Amino acid sequence: MTDVGTEQRAARALIAAASRVVGFTGAGISTESGVPDFRSPDGVWARNRTVYFEEFLSSEAGRVEYWRQKVEGWPAMRDARPNAGHYAFVGLHEQGKLTAMITQNIERLHQRSGLPAELVLELHGTTTEAICLTCGDRIPSDEACRRVAGGELAPRCKPCGGLLKPATVSFGQAMPHDVMVRACAAAESCDLLLAVGSSLVVEPAASLPRIARRAGARLIIVNREPTPLDVIADVVLHGEIGEILPALV
Ligand code: APR
């Protein structure tokens, strides 16, 4: 067991020596911005049942429940501002070290912190827009949530009548293939992967730190709770991201 100071010094040294850093984040980096995560005691899954993609497609009641959850969580996402954790990754970008910002998060706080959009790989899509599952038309989430609040409990696409859904990836829904290909390529070619604020239990996202490790990269995990990948990490720092991450960059 080493003390946090030793671990922090080790992490700082690895980051200083790295030239091709891939960031990998989960919902834990956004809780300090007021956005709940999923698996903490006060997280989304402690208060809501999961509506799987199959149910969304096949059941009006499932779509109504899915949109109810979306409307409930939207104000915190919409009003959130990036925090010190997000800005630490901006610092890495400004040092010319950040080759990709892989995120499972859907609220676009990495883009709002100033990272170029092309650097951010959104594995699970975005909740800032709703998309028609038939024609692909997109509308802003503010408009979609207003329509739900106005009585369209499971809104449909105005141009084609198809099902409107937040542009996120639900359990059972295909991941964006091109994003996964880019994320795998980034993980395979980095010299350090910095995994922050994820329980690292959801696949295939959680395979990316493993892919980086197998390709010879160093792995640093920063998270409040232990994760299944702690055993393969070079450095593990348990604690609050807003305190830990800025001190490493
Ligand atoms: N500082 C450090 N760690 C934190 C903080 C914080 N301020 N806040 C939360 N955490 C940690 C929690 O302890 C938890 O281990 O962040 C982790 C968040 O884990 P999850 O809630 O499981 O979120 P995530 O890993 O992003 O989930 C992956 O699951 O439900 C799906 O699609 C959803 O993208 C999500 C995916």
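Student: How many strands form the open sheet whose pairing is antiparallel, and in what order do they lie?

Tutor: The model is predicted, so local features are given only at pLDDT of at least 70 and side-chain atom pairs only at pLDDT 80 or more, whereas totals for chains, interfaces and linings use all residues. Residues are numbered from 1 along each chain as its sequence is written, and side-chain values use heavy atoms, without hydrogens and water.

The open sheet in question is formed by three strands in the order 5-4-6, with antiparallel pairing. Its edges are strand 5 (138–140) and strand 6 (164–168), each of which pairs on one side only. Strands (E, at least two residues) and helices (H or I, at least four) are DSSP runs numbered from the N terminus, and two strands pair if DSSP finds at least two bridges between them. On average, neighbouring strands here are turned by 40° against each other, direction ignored. Strand 4 (residues 125–132) is joined to strand 5 by three bridges, and these two strands run antiparallel. Within that pair, Ala130 has Ile139 of strand 5 as its bridge partner.

Helix 4 (residues 60–79) packs on it by touching strand 4 and strand 6, and its direction makes about 50° with that of strand 6. Contact means heavy atoms within 4.5 Å; axes are lines fitted to C-alpha atoms, for helices over the stretch in contact, and angles run from 0 to 180 degrees between N-to-C directions. Helix 7 (residues 141–149) lies across strand 4, strand 5 and strand 6, at about 80° to strand 5.

For context, there is also an open sheet of six strands with parallel pairing, in the order 3-2-1-7-8-9. Strand 3 (120–122) and strand 9 (235–238) are its edge strands, each pairing on one side only. From one strand to the next, the twist averages 15°. Strand 2 (residues 98–103) runs parallel to strand 3 and is joined to it by three bridges; Met101 has Val120 of strand 3 as its bridge partner. Helix 5 (residues 84–94) lies across strand 1 (21–25), strand 2 and strand 7 (192–196), running at about 155° to strand 2. Helix 10 (residues 241–248) also packs on this sheet, touching strand 7, strand 8 (218–223) and strand 9, with its direction at about 150° to that of strand 8.

The ligand is surrounded by 23 residues, a residue being near if one of its heavy atoms lies within 4 Å. The closest are Glu32, Phe38, Arg39, Ser198 and Ser199. Polar contacts, here pairs of N or O atoms within 3.5 Å, include a polar side-chain atom of Glu240 at 3.1 Å from a ligand nitrogen. A backbone N or O atom of Arg224 lies 2.9 Å from a nitrogen atom of the ligand.

Two backbone details remain. The peptide bond from Glu203 to Pro204 is cis, with omega near 0°, and Pro204 lies in the loop between strand 7 and helix 9 (207–214). Arg108, in the loop between strand 2 and helix 6 (109–112), has a positive phi near 65° although this residue is not glycine.

Conventions:
A polar contact is a pair of N or O atoms within 3.5 Å; within protein, one must be able to donate a hydrogen and the other to accept it, and residues adjacent in sequence count only if both atoms are side-chain atoms.
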